[in-house]
Each structure stands twice: as C-alpha cells, then as structure tokens.
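Please examine the sequence and the three-dimensional structure shown below. The account that follows is intended to be read alongside them.

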Amino acid sequence: MSCQSPASCIIAGGGPAGVMCGLLLARAGVRVTVLEKHRDFLRDFRGDTIHPSTLEVLAEIGLLDEFRRRPHQEITEISAEVNNHRFVVGDFSKLRTRCPFLALMPQWHFLDMLADVARRLPTFRLLMETAATGLIQEGDRIAGITAHGPDGPLSLRADLVIGADGRHSTLRTQAGFEVVELGAPIDVLWLRISRKPDDPHAPLGRFDAGGVFVMLYRDDYWQCAYLIPKGGYDAIRADGIDALRTRIARIAGFAQDRVHEIASWDDVHLLSVAVNRTPEWARPGLLLIGDAAHAMSPIGGVGINLAIQDAVATANILGPILQTRAPTIDELRRVEARRLLPVRLTQWLQVQIQNRILAATLEQTGPISPPLLLRLFNAIPALRVLPARAVGLGFRPEHVELAAVPPAGAGAIG
C-alpha cells in the first residue's frame with residue numbers, strides 16, 4: 001500500500017456537497033483532497049435543480065456570472081395539473097433574493113464548473129476514479145482513509161475526514177453510524193421524452209387517478225419522473241414496456257404522442273427513494289454531510305440545495321480551525337447542530353407530501369379532485385410565494401462567511 005502526502009482535509013465523494021466544500025476550504029488556504037470514485041461526473045438522471053439559495057452562494061464567491069454563461073434554463077414558477085386543470089403552486093419571481101428563479105442545469109455541468117474553478121487553487125486536489133474503502137483510526141480518532149485508485153490501493157492521512165459519499169456511504173458504514181429510516185411509499189422511474197418548440201417551459205407535475213408524472217424542462221427534451229408504489233418496479237416490468245408506455249400516455253397530457261420514444265427498458269432508470277438521516281454526524285476526526293448524513297426524497301429537488309448548504313456551513317465553522325489545527329469533536333458537532341433542524345423540517349415536509357398526496361394519488365382508482373390548497377393558490381396568487389420560499393431558499397439558507405486567501409502571486413476567487 002502506497003502512502004500519499006497528508007492533507008489537512010480529505011473529502012470522500014465528488015458530489016455537490018463534497019466539491020463545494022472542497023472549493024470553499026481550498027480558497028481559504030486549507031489543503032484539501034477530494035475523492036470521486038467515477039472517471040467523470042457524467043451520470044444522467046441525477047438532480048439538476050439549482051435553487052435560489054445555491055445561486056446566492058455562487059454569487060458570494062464570484063461564480064454566478066460563470067454559472068449563467070453555461071447552458072441552463074431559468075424557471076420562475078412550477079405548476080401542477082389535476083384532471084387537466086392547471087394550478088401554479090410556486091412563484092419564485094417574488095422571492096427577495098438576487099436570483100428569484102430556479103435554474104435547471106445537468107448536475108455534471110454544475111460539478112464540472114465547480115471542479116474547474118477549484119483546480120486553479122494550489123491547495124486543492126481532485127482524485128478521480130478513486131473510491132474510499134475504509135477508515136484509518138489512531139486511538140479514538142479517525143486519522144485518514146484507505147482508498148482504491150487507478151494505480152491500486154493507497155492511504156491518505158488528514159486532520160479531518162469528511163464523508164460526502166452519498167446515501168450508501170462507505171465511511172458512514174465503516175464508522176458505525178446509526179441510520180434512522182423515515183420511510184418512502186414511492187419509487188421513481190426516470191426517463192426522457194423529446195420537447196417540441198410549442199411545449200410549455202415550466203416544470204410540471206401531472207396528477208390523475210393512479211398516476212403522478214413530473215416533467216422537467218431540459219432545452220430540447222423533458223426529463224421525466226413517473227412515480228410508482230415502493231417496491232412496485234418488478235411487477236411493472238413484468239407487464240412489459242408496452243404497458244408502461246400506455247400508463248404514461250394516459251397521464252402525459254400534451255406529450256402523450258411521444259411515449260413511443262421509450263423504446264426499451266434501457267431507457268428507464270429506477271430510483272429507489274429513501275428518506276433517512278443519522279442522529280449523529282460526527283466522530284473524532286470524521287464528519288458526515290450531504291446524503292451521507294441525510295438522504296432526501298426527490299420532492300422539490302432540494303437534495304442538491306441541502307448538500308450545498310451543508311458544505312457552506314462546514315466551511316464557515318471549520319475552515320478557520322483547519323487553517324491552524326484539527327477540529328475537536330465538539331467543533332465538528334457545531335456543523336450538525338447548525339444543519340440538523342433544517343434537515344428535519346425539510347424531511348418532515350417531504351414525508352407529509354409523500355404520504356398524504358403522492359401515495360394517496362397512486363392508490364386512487366376513481367376521479368380525483370384538486371386539493372383545497374391548490375385551489376387557494378389559484379384564488380390567492382400571493383400564497384404561491386410560500387412553497388417557492390420553502391423550496392427555493394429552505395429553512396436556514398447559509399451564506400459564505402469564510403474569507404478567501406489569495407494564492408501567492410494571484411488574486412482570490414470571489
């Protein structure tokens with residue numbers, strides 16, 4: 001097993017939480033190594049909703065203009081259709097923030113942008129095709145990780161290890177963290193269908209007896225989520241692809257003439273929905289953030305936003321400490337204390353929507369009527385800002401407080 005030079009901080013996982021946290025720490029002069037197990041960030045059917053609070057973070061570090069120069073769509077409202085009646089359920093244009101809109105950008109483009117910027121920093125290192133495999137423990141403290149990269153096994157030592165390696169976190173398992181499952185009565189089939197020039201632009205959720213179909217605008221195609229009962233995939237697949245196309249056509253509205261584009265099961269990707277969290281996020285020398293600490297439902301597309309907020313809070317709290325020494329367990333727990341309440345509130349809201357609206361719709365066999373809340377949104381447009389704020393800003397939006405340290409002979413980023 002080969003040894004690498006130690007870093008002040010090792011981050012396992014190159015998703016939004018890991019790359020953003022690495023960028024923020026490195027711009028403050030902390031030595032950071034980020035590990036990403038894949039060769040690149042190019043994996044389809046990942047969350048691609050960039051919320052106003054995340055756009056605010058980009059503005060605070062000087063990257064908003066760079067973001068907006070890259071291909072994306074900006075959306076000011078989201079809507080739902082029930083029995084072909086349309087209801088606007090969120091109006092982002094009324095939010096008091098620098099960017100009062102949702103931005104839709106494929107996650108691999110977003111991560112590429114962050115990684116491109118971070119690589120310019122002398123204290124940042126990104127190891128692709130390198131997966132964390134275990135923890136190095138000295139006494140009662142985590143002192144680094146073992147990993148496997150393109151050239152074989154390696155060990156990396158650090159003052160702090162951050163586990164941002166997703167909902168199936170290896171580091172979380174290795175450290176023995178408890179995971180509390182909150183339950184999810186749904187799974188999601190991800191697929192895409194083409195978009196025509198006269199199609200609407202706003203994300204749309206269509207509800208009908210026994211079905212929920214969500215469509216996200218992606219320039220020349222729609223990324224779609226067809227909701228199914230938890231564990232129902234095998235039965236749906238056994239019915240055949242023709243039966244799936246028929247089910248989707250029944251609820252796809254203006255796009256029903258394009259369901260033939262779902263040519264085979266290779267065009268359908270199962271997302272097993274989970275909502276869970278760890279009651280504790282820290283051990284001496286180790287901190288969990290993002291999906292490793294709390295898996296979110298796809299409702300509202302808020303998973304990326306929560307991950308970014310975790311990263312900002314981590315950098316704000318631990319960055320000044322990592323500039324000089326390793327953080328104590330009490331200091332690591334300050335991140336958990338800061339972020340646990342908004343996670344709990346968001347997950348509570350997601351569970352209510354899952355159980356009371358989505359699962360109930362999937363079980364419905366007869367005609368459904370629009371809920372009172374949807375009718376209120378149409379009758380009193382001012383109410384539409386409330387769900388927009390819950391989705392777009394969250395319950396505790398974070399702001400970048402950790403100052404950048406100019407590299408020698410260069411200016412700071414942001």
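The paragraphs below treat the salt bridges, several loops, the cysteines, a helix and a surface patch in turn.

This is a predicted model, in which local features need pLDDT of at least 70 and side-chain atom pairs count only at pLDDT 80 or more, while totals for chains, interfaces and linings use all residues. Residues are numbered from 1 along each chain as its sequence is written, and side-chain values use heavy atoms, with hydrogens and water left out.

A salt bridge is taken here as a side-chain nitrogen of Lys or Arg within 4 Å of a carboxyl oxygen of Asp or Glu. By this rule the model contains 23 salt bridges. One of them joins the side chains of Asp 116 and Arg 119, at 3.5 Å from N to O. Both residues belong to helix α4 (residues 107-119), where they stand three residues apart, about one turn of the helix. Helices (H or I, at least four residues) and strands (E, at least two) are DSSP runs, numbered from the N terminus. Asp 116 is partly exposed, at 33% relative accessible area, and Arg 119 is likewise partly exposed, at 44%. In this scheme buried means under 20% relative accessible area, exposed means over 50%, and partly exposed lies in between (1.4 Å probe, protein chains only). Asp 116 and Arg 119 also take part in a network of salt bridges that includes Glu 66, Arg 69 and Arg 70.

Which side chain meets that of Arg 258 in a salt bridge? The partner is Asp 199, with 2.7 Å from N to O. Arg 258 lies in the loop between α7 and β18, and Asp 199 in the loop between β14 (186-194) and β15 (204-208), so the pair ties together parts that are 59 residues apart in sequence. Both Arg 258 and Asp 199 are buried. Another salt bridge is formed by Asp 310 and Arg 339, whose closest N and O atoms are 3.0 Å apart. This pair links distant parts of the chain, with Asp 310 in helix α8 and Arg 339 in helix α9, 29 residues apart. Asp 310 and Arg 339 are buried as well.

The loop between α7 (241-251) and β18 (269-271) also holds Ala 252. Ala 252 is buried, its relative accessible area being 0%. Not counting residues up to four places away in sequence, Ala 252 touches Arg 206, Phe 213 and Met 215, where contact means heavy atoms within 4.5 Å. The C-alpha atoms of Ala 252 and Phe 213 are separated by 6.8 Å, although the two residues are 39 residues apart along the chain.

Two other loops deserve attention. Asp 291 is placed in the loop between β21 (286-288) and β22 (294-295) and is partly exposed, at 26% relative accessibility. Apart from neighbours within four places in sequence, Asp 291 contacts Gly 166, Arg 167, Arg 172 and Met 296. From C-alpha to C-alpha, Asp 291 is 9.5 Å from Gly 15, and the two are 276 residues apart in sequence. Glu 129 is located in the loop between β9 (124-128) and β10 (131-138). Glu 129 has a positive phi of about 55° although it is not a glycine, and this residue is partly exposed, at 34% relative accessible area.

A disulfide is a covalent bond between the sulfur atoms of two cysteines. With a disulfide defined as a pair of cysteine sulfur atoms within 2.5 Å, the count comes to zero. Cys 99 is buried, at 1% relative accessible area, and Cys 224 is buried, at 0%.

In helix α11 (residues 385-392), the buried residues are Ala 388, Val 391 and Gly 392. Seen down the axis of α11, these residues fall within an arc of 85°, so they line one face of the helix; the arc is that of the directions from the helix axis to the C-beta atoms. Their cover includes α2 (52-60), β7 (85-91) and α8 (303-322). Just after α11, Gly 394 adopts a positive phi of about 80°.

On the surface, Leu 341, Leu 345, Trp 348, Leu 349 and Phe 395 form a nonpolar patch with about 480 Å² of accessible area together. Patches are made of residues with over 30% relative accessible area and no salt bridge, like charges being joined within 9 Å and nonpolar side chains (Val, Leu, Ile, Met, Phe, Trp, Tyr) within 5 Å. Accessible areas come from the Shrake-Rupley method with a 1.4 Å probe, and for residues only the protein chains shown count as cover. Leu 345 lies in helix α9 (residues 329-363) and is partly exposed, at 35% relative accessibility.
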